[in-house]
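Hi everyone, thanks for coming.

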Amino acid sequence: MSQKKGRVFSGARPTGRQHLGNYLGAIRNYVALQEDYECIYCIVDVHALTTLETTRDLRQNTYEMALDWLAAGIDPEKSIIFVQSNVPQVMELHTYLSMVTPLGKLTDLPTFKEKARQQPHNVNYGLVGYPVLMTADIVLYKANLVPVGLDQAPHIEFAREVVRSFNYRYNTQVLIEPEMKVTEVPKVLGIDGQQKMSKSLNNHIELAATPEETLQRVMQMVTDPQRVRRTDPGNPDVCNVFTMHKVFSKPEEIAMVNVECRRAGIGCVDCKRLLARNLNEHLAPFRERRAELAQNPETIWEILRQGAARARVIAEQTMQEVREAIGLP
Ligand code: ADP
């Protein structure tokens, strides 16, 4: 950790192929932070158990996600990438942290209420404790910085409170309060142009989709709802296609769309075609690397195994300090 600015941790549930929301909201920062920080990235399979009805796809989804992360530029030589359940110390820390967490704080969280609404038949103990396990993930590695999308803000704030409670209760400084780090696009909307891009809402565009699939998805994107006919002027400020242009298109193209949309000089169809082309161009190197990596699945699993071995060393060190701070015999 000598010349680095500090430690970074982030995790995500093994949801399989990653989408533009994951990429722009989180993965871009995972990659960028590797230069200056010691980075630890975790596929949080235990978290997934809080919502999954079957674990049938867990292994494949873990693999697909690792492929996406590596193809996007997470470098296992620089960073640790591993699977959460391979470092069981996190479960122990979760238990200790749960003792300093008021239950009401957990049940009041909007994220919990939403999940409870989505799966009323399965409001399990683990689901309530999700943010405590997430806190354990982060603080087990004494991370200073957590790159995540904006939707995670309440959980990071929660983690900071738990750290304060723990340190206060045991009169220690052993746990570190993490800070959140967002990208310049911290909330990516789905193709519906309304809700957060999310696999469960099926409003997403997968990074690993083919160029044709990408074009098809982009063509389904909802634009300015006021613009009904081709001759109507549009408002790029309320159009998700324009938001994406600002990320993936050249400055002169962004300027052109901004002007021409407002005076109906360009129609939504052409505007979307241009976006799909640029998006496909941007993702081409990623897709090539992914295809290469996919030729050796065993290498991916080996990277995850080695990552877990490195993570366990850090985790056990923290746990020794934590047990001592609590006063466990
Ligand atoms: P998890 O629920 O385990 O966090 P997600 O796939 O929802 O898994 O998210 C993984 C990461 O991607 C998180 O950091 C999250 O904030 C970010 N993310 C997901 N969807 C979006 C989105 N639409 N916009 C911005 N960031 C997102």
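Let's begin with the lining of the largest cavity, which by class has eight nonpolar, two polar and two charged residues. For these classes, Ala, Val, Leu, Ile, Met, Phe, Trp, Tyr, Cys and Pro count as nonpolar, Asp, Glu, Lys and Arg as charged, and the others, Gly among them, as polar.

Before I go on, a word on the source: this is a predicted model, where local features need pLDDT of at least 70, side-chain atom pairs count only at pLDDT 80 or more, and totals for chains, interfaces and linings use all residues. Residues are numbered from 1 along each chain as its sequence is written, and side-chain values use heavy atoms, with hydrogens and water left out.

Back to our cavity. On a 1 Å grid over the protein atoms alone, a cavity is a set of points where a 1.4 Å probe fits but cannot get out, while a pocket is an open set with protein on both sides within 12 Å along at least five of seven lines; lining residues have an atom within 4 Å of a point. Helices H11 (240–248), H12 (251–262) and H13 (268–293) each supply at least two of the lining residues; helices here are DSSP runs (H or I, at least four residues), strands are E runs of at least two, and both are numbered from the N terminus.

Next, the second largest pocket, with about 200 Å³ of space. Among the residues lining this pocket are His 94, Leu 103 and Tyr 125. Two or more lining residues come from each of helices H4 (89–98), H5 (103–108) and H7 (125–128). Its lining has five nonpolar, six polar and no charged residues.

Now the ligand. Of the 18 residues around the ligand (a heavy atom within 4 Å), Arg 13, Gly 149, Asp 151, Val 188 and Met 197 come nearest. Helix H1 (residues 20–32) gives the most to this shell, with four residues. For polar contacts (N or O pairs within 3.5 Å), a ligand oxygen atom is 2.7 Å from a polar backbone atom of Arg 13. Gly 149 has a backbone N or O atom 2.8 Å from a ligand oxygen atom.

On to the rings: there are six aromatic pairs in the structure, meaning Phe, Tyr or Trp rings (for Trp, the six-membered one) with centres within 6.5 Å; planes under 30 degrees apart are stacked, over 60 edge-to-face and the rest tilted. Phe 82 and Tyr 141 have ring centres 5.7 Å apart and planes at 65 degrees, so this pair is edge-to-face.

Last, the backbone. Most residues other than glycine have a negative phi. Asn 202 is not a glycine, yet has a positive phi of about 50 degrees. Ala 264, in the loop between H12 and H13, has a positive phi of about 60 degrees. That's my tour, thanks!

Technical notes
Grid points are joined across faces, edges and corners, and a volume is the space filled by probe spheres set on the points. A polar contact is a pair of N or O atoms within 3.5 Å; within protein, one must be able to donate a hydrogen and the other to accept it, and residues adjacent in sequence count only if both atoms are side-chain atoms.
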